Amino acid sequence: MGAWCGGSLRDTWARASDRCFRLFPCISDPVRRSALSLKLALVGLHLIFVGVLFLLDHDLIEKTKQEPWYTAIYALLFVATLAQYFVTSGTSPGYVLDAQKIVNERDATARRTLLASKPTASSKNGNVVITVDGRNYQRGNETAWTKLVMDLYPHGYSLRNLTCTYCSLVQPPRAKHCHDCDKCVLQFDHHCVWLGTCIGLENHWLFWWYICEETALCLWTWILYILYLKSNISKAWWADVIMILLLASLSICLIFLLLLLLFHRGIPERVHPFNKGVRRNLSVLCCTKSGGMYRMEALPTAAELEEKSRPYTCSDVLSCRCC
């Protein structure tokens, strides 16, 4: 009897799941379903922290009636943070495969235009040599993407050493293969589990602003919890227990966000090949987006790295070399 009931329940659940997957094909993939569950969990946590606060804190409700601008600004930050989260999670980090397709397509279009306008034009691209497995190939015989990537490295690099062993793509400087996404990412930073995507060239600036907004919202909510407990600590013990547990969880989240924010704004002590100085680093990180052009930087030469490692002097400080 128990086995029959168990089998019936499993069949009912399977039919219901199949019907749900047909109605919503986007959740039929386990990876997408997991990412969607994480997004719903994060939105749910935001609603719980803020909802409980407004449900129990009558002083905050009275303050909202007297100073509606205060709550309006808080609500605006709340909505902006969630909106920034979904925008960041839905933005591509900048995959090497996509950049390769764009570069090769633009090169093919330019070649067709050139041949149409100048039928006698030469198709030679120079005699620079690429070393592959100990054999020499002329650069003119390679694709536009390969030539572009090889120009980003000093002479002497082998194409074999720059090719990803997982997806067989030629990687430009700072690119890395993400095993979670199973793709090579331009300027790979890390794979964010909560966002369900990698952080790279295209969405790093969005991620930085999201962390700033999330930190501000978390800190503001933490202050409101502290103010509530200071004025209502002995009125209702069950409410105090709920608020203290939520405050402890909020404190852990705040510490994590602050550490993450400082990590992304920190200045490394060692010489970083792509360091542009504090001001320009922040400008690129916060305000610069490639807009589909896939901005890539050449690997600095040994002379440039030696110049960056030179100790600062008084004249360097006056000339804002560190900026």
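A polar contact is a pair of N or O atoms within 3.5 Å; within protein, one atom must be able to donate a hydrogen and the other to accept it, and residues adjacent in sequence count only if both atoms are side-chain atoms. The side chains of Thr 221 and Tyr 74 form such a contact at 2.7 Å.

The model is predicted: local features need pLDDT of at least 70, side-chain atom pairs count only at pLDDT 80 or more, and totals for chains, interfaces and linings use all residues. Residues are numbered from 1 along each chain as its sequence is written, and side-chain values use heavy atoms, with hydrogens and water left out.

The chain comprises 11 helices and six strands; helices (H or I, at least four residues) and strands (E, at least two) are DSSP runs, numbered from the N terminus. Of its 323 residues, 33% count as buried, meaning under 20% relative accessible area with a 1.4 Å probe and protein chains only. The accessible surface of the chain is about 20300 Å², and 64% of this belongs to carbon and sulfur atoms, as given by the Shrake-Rupley method with a 1.4 Å probe. Among contacts (heavy atoms within 4.5 Å) in the chain with a separation of 6 or more, 60% are between residues 24 or more positions apart.

Thr 221 lies in helix α7, residues 204–232. This residue counts as buried because its relative accessibility is 2%. Leaving aside residues up to four places away in sequence, Thr 221 touches Tyr 74 and Leu 250.

Two helix pairs may be considered next. The axes of α3 (residues 58–66) and α4 (residues 68–89) come within 5 Å and cross at roughly 110 degrees; axes are lines fitted to C-alpha atoms, for helices over the stretch in contact, and angles run from 0 to 180 degrees between N-to-C directions. Helix α3 is therefore roughly perpendicular to α4, a term that covers angles of 65 to 115 degrees. On the α3 side, the contact is made by Leu 60, Lys 63, Thr 64, Lys 65 and Gln 66, and on the α4 side by Pro 68, Tyr 70 and Thr 71.

The axes of α5 (residues 96–117) and α6 (residues 144–151) come within 8 Å, crossing at roughly 115 degrees. These helices are therefore also roughly perpendicular to each other. From α5, residues including Val 96, Val 103 and Arg 111 take part, and they meet Ala 144, Trp 145, Lys 147 and Leu 148 of α6.

Terms used: Angles under 35 degrees count as roughly parallel, over 145 as roughly antiparallel, 65 to 115 as roughly perpendicular and the rest as oblique. Buried means under 20% relative accessible area, exposed over 50%, partly exposed in between (1.4 Å probe, protein chains only).
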